[in-house]
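Q: Hi! Could you walk me through a bit of helix packing in this one, and then a loop residue I'm curious about?

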Amino acid sequence: MTSNLHASSVVIDGLIISDFGRSVFEDMRKGGLTAANCTCCVWEGFTETMRNVMRWKAWFREHGDILKQVYTTADILKAKEEGKTGIILGWQNITGIEDQIGYLGLFKELGVGIIQMAYNTQNLVGTGCYETRDGGLSDFGREVVSEMNRLGILCDLSHVGAKTSEDVIVTSKQPVAYSHCLPAGLKEHPRNKSDAQLKFIVDHGGFVGVTMFPPFLKRGPAANVDDYVEAIEYVIKICGEGNVGIGTDFTQGYGREFFDWITHDKGYARRLTNFGDVINPEGLRTIGEWPNLTAAMEKRGWTASRIEAVIGKNWFNLLRTVWGA
């Protein structure tokens with residue numbers, strides 16, 4: 001499927017954690033991505049995260065013909081104008097700052113614009129969604145949220161426990177997001193968000209990015225792109241079409257070793273979950289097939305304004321608010 005609307009729109013993917021390299025970057029261009037939030041911290045501490053950022057800086061130099069680093073929303077528009085994909089550096093855990101709040105400012109200067117407060121388990125800030133007990137946002141975490149607000153770093157709550165998420169939503173002076181989640185109303189899963197959670201975040205000025213990660217979809221590995229659109233529609237009915245975007249969670253190029261790493265606490269300790277076969281929805285197996293999602297929305301009778309909002313404009317507006325630029 002093709003879509004002229006897709007080609008003309010600003011298209012933003014709120015979460016990609018693929019095996020990055022030239023082939024993935026070329027697929028981003030094939031998929032018409034204007035910008036994407038790309039993960040460069042999961043379980044890593046300061047030094048390893050800094051090395052990950054260093055690797056990205058080299059990629060920006062080596063693949064500058066198709067990539068552009070994003071610091072501001074103006075950079076996103078510039079990437080669209082230049083026919084490149086803008087890369088937003090993001091974290092899925094706050095472990096990269098260890099116990100030093102001042103590191104947040106250093107990473108902000110390096111281009112980190114989105115940070116998730118916890119990845120599945122407990123850290124110094126709060127609790128992930130696979131912990132037995134959710135202790136909520138720590139006092140240290142409240143200081144971290146305040147500093148992220150000051151710097152203009154988006155607080156992400158996708159893998160965060162319900163109580164900690166609620167605390168962050170209430171504490172933050174800036175909008176926060178579930179950058180990549182699915183509704184528990186379609187499938188019960190520790191990573192999926194209840195209707196009440198979805199409503200709570202948008203009632204407090206927040207945002208919801210909808211993922212297509214197959215273990216969380218209603219039909220799992222049997223899902224297709226239309227199942228994904230159904231899930232997006234479900235979230236829109238709760239949150240409103242101005243508060244919803246896309247966060248695919250593409251893991252393109254990775255195999256079992258990677259999934260073992262992300263599904264064990266700290267990358268090596270207790271097993272948190274077993275995803276089984278990770279097969280992306282039919283019609284959206286690769287990043288290069290991203291236009292099929294826009295075409296599926298058109299096929300279901302969505303208006304052009306709704307499509308433009310959900311595939312990019314809503315993300316753009318959120319980031320402009322949080323980043324202040």
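Predicted model: local features only at pLDDT ≥ 70, side-chain atom pairs only at ≥ 80, totals over all residues.

A: Happy to! Let's start with a helix pair: α9 and α11 are roughly perpendicular to each other, because their axes cross at roughly 70°.

Q: Nice. Within what distance do the axes of α9 and α11 come?

A: The two axes come within 10 Å.

Q: And what's the handedness of the crossing where α9 passes α11?

A: That crossing is right-handed.

Q: Which residues meet there, α9 to α11?

A: On the α9 side you have Val-225, Asp-226, Tyr-228, Val-229 and Ile-232. Their partners in α11 are Asn-292, Leu-293, Ala-296, Met-297 and Lys-299. Sorted by class, the contact has 7 nonpolar, 1 polar and 2 charged residues.

Q: Let's stay with α11. How many of its residues are buried?

A: 7 of the 9 residues in α11, which spans 291-299, are buried, so the helix is largely enclosed by the rest of the structure. The buried ones are Pro-291, Asn-292, Leu-293, Thr-294, Ala-295, Ala-296 and Met-297.

Q: What do those buried residues of α11 pack against?

A: They pack against α1 (4-8), α2 (22-30), α9 (225-239), β9 (244-246) and α12 (304-323).

Q: Which residue with a positive phi follows α11?

A: That's Gly-301, with phi near 90°.

Q: Back to α9, then. How many residues does it have, and how far does it reach?

A: α9 has 15 residues and reaches 21 Å from first C-alpha to last, close to the 21 Å expected at 1.5 Å a residue.

Q: Which residues of α9 are buried?

A: Among them are Val-225, Tyr-228, Val-229 and Ile-232, which also take part in the contact with α11. Asp-227 and Glu-233 are buried too.

Q: What covers the buried residues of α9?

A: The cover includes α8 (195-203), β8 (207-210), β9, α11 and α12.

Q: Okay, changing topic: where is Glu-131?

A: Glu-131 sits in the loop between β5 (112-116) and α6 (139-151).

Q: Is Glu-131 buried, exposed or partly exposed?

A: Glu-131 has a relative accessible area of 25%. Buried would need under 20% and exposed over 50%, so Glu-131 counts as partly exposed.

Q: Which residues is Glu-131 in contact with, leaving aside neighbours within four places in sequence?

A: Asn-120, Thr-121, Gln-122 and Arg-270.

Q: Last one: how far apart are Glu-131 and Gly-161?

A: They are 30 residues apart in sequence, and their C-alpha atoms are 7.7 Å apart in space.

How values were computed
Residues numbered from 1 in each chain as written. Heavy atoms only, no water. Buried < 20%, exposed > 50% of the residue type's maximum accessible area, 1.4 Å probe, protein only. Helix = DSSP H or I, 4+ residues; strand = E, 2+ residues; numbered from the N terminus. Contact = heavy atoms within 4.5 Å. Axes fitted to C-alpha atoms, helices over the stretch in contact; angles between N-to-C directions. Parallel < 35°, antiparallel > 145°, perpendicular 65-115°, else oblique. Left-handed = near helix turned anticlockwise from the far one by under 90°. Nonpolar A, V, L, I, M, F, W, Y, C, P; charged D, E, K, R; others polar. Expected span 1.5 Å × (residues − 1).
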